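Let's take a walk through this structure together. Have the sequence and the 3D view open side by side as you read.

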Amino acid sequence: MSTFHAVVWLDHQEAHVVMFDREHIQAQRIPSRSHHKHQGKADDTAAFYAEVAKALAGAREVLLTGPGLARNEFRDWCARHHKSIAAGVVDSIVSDHPSDAQLVAMAKQYFKKFDTMAADPSQA
């Protein structure tokens, strides 16, 4: 799905990737293969982040969110391995465990403000 925006909620156990535009929403859950509660082995983490990055193909702007450090670790991993996705990450904010509907609502509110500040003509 080629979309303008994406929001990713993630921790070390799973990621919720939601891609959306004005008319469409596509949600995907990606479980981590790590059996470690907080941090997996480097190979497990890299494979997990690679799956999340693959799910973000086509998104121009990405908002990262989640309760812990995984969102920032993912951003740093993308800077080393997926520069196109790293360039699209607009922010990394803390959130608890929202439903997918709450996640989309939060992202739409965030991007509306972000796009207005950036004077994005596609949002006019």
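**A guided tour**

Let's begin at Phe 111, which counts as buried because its relative accessibility is 1%, under the 20% cut-off. Please keep in mind that this is a predicted model. Phe 111 also has an aromatic partner: its ring centre lies 5.7 Å from that of Tyr 110, and the two planes stand at 85°, so the pair is edge-to-face. Across the whole structure, a search finds six aromatic pairs. There is also an aromatic cluster made up of Phe 48, Tyr 49, Phe 74 and Trp 77.

Now step back to the overall fold. The protein chain holds four helices and five strands, and read from the N terminus its elements follow the order β-β-β-α-β-α-α-β-α. Of the 124 residues in the protein chain, 40% are buried. The protein chain exposes about 7,100 Å², with carbon and sulfur atoms supplying 54% of that area.

Let's look at strand 1 and its two partners. Strand 1 and strand 2 run antiparallel and are joined by six bridges; together they make a hairpin with three residues between them. Within this pairing, Ala 6 sits opposite Met 19 of strand 2. Strand 4, by contrast, runs parallel to strand 1, with five bridges joining them. Here His 5 has Glu 61 of strand 4 as its bridge partner.

Which way do the side chains of strand 1 point? His 5, Val 7 and Trp 9 point one way, while Ala 6, Val 8 and Leu 10 point the other way. Strand 1 is mostly covered, and six of its six residues are buried.

In soluble globular proteins, nonpolar side chains tend to be buried together. The largest nonpolar core here has 22 residues, and the members that touch the most others are Val 8, Leu 10, Val 17, Val 52, Leu 56, Val 62 and Phe 74. At least two residues of this core come from each of strand 1 (5–10), strand 2 (14–20), helix 1 (42–55), strand 4 (61–66) and helix 2 (70–81). Helix 1 gives the largest share, five residues. A second, separate core has nine residues, including Val 7, Trp 9, Val 18 and Phe 111. That brings back Phe 111, the buried residue we started from.

Which residues is Leu 56 in contact with, leaving aside its neighbours within four places in sequence? They are Ala 6, Val 8, Val 17, Met 19, Val 62, Phe 74 and Ile 85.

His 12 is in the loop between strand 1 and strand 2. Is His 12 buried or exposed? Its relative accessible area is 15%, so His 12 counts as buried. His 12 and Pro 31 are 19 residues apart along the chain, and 8.9 Å separates their C-alpha atoms.

The other stop is Glu 73, which lies in helix 2. Glu 73 is partly exposed because its relative accessible area is 25%, between the cut-offs of 20% for buried and 50% for exposed. Along the chain, Glu 73 and Asp 11 are 62 residues apart, and their C-alpha atoms are separated by 9.8 Å.

Definitions and conventions:
Residues numbered from 1 in each chain as written. Predicted model: local features only at pLDDT ≥ 70, side-chain atom pairs only at ≥ 80, totals over all residues. Heavy atoms only, no water. Core = buried A, V, L, I, M, F, W, Y, C linked by side-chain atoms within 4.5 Å. Buried < 20%, exposed > 50% of the residue type's maximum accessible area, 1.4 Å probe, protein only. Contact = heavy atoms within 4.5 Å. Phe/Tyr/Trp six-rings, centres within 6.5 Å; stacked < 30°, edge-to-face > 60°. Areas by Shrake-Rupley, 256 points an atom, 1.4 Å probe, with all protein chains shown as cover. Pairing = 2+ DSSP bridges.
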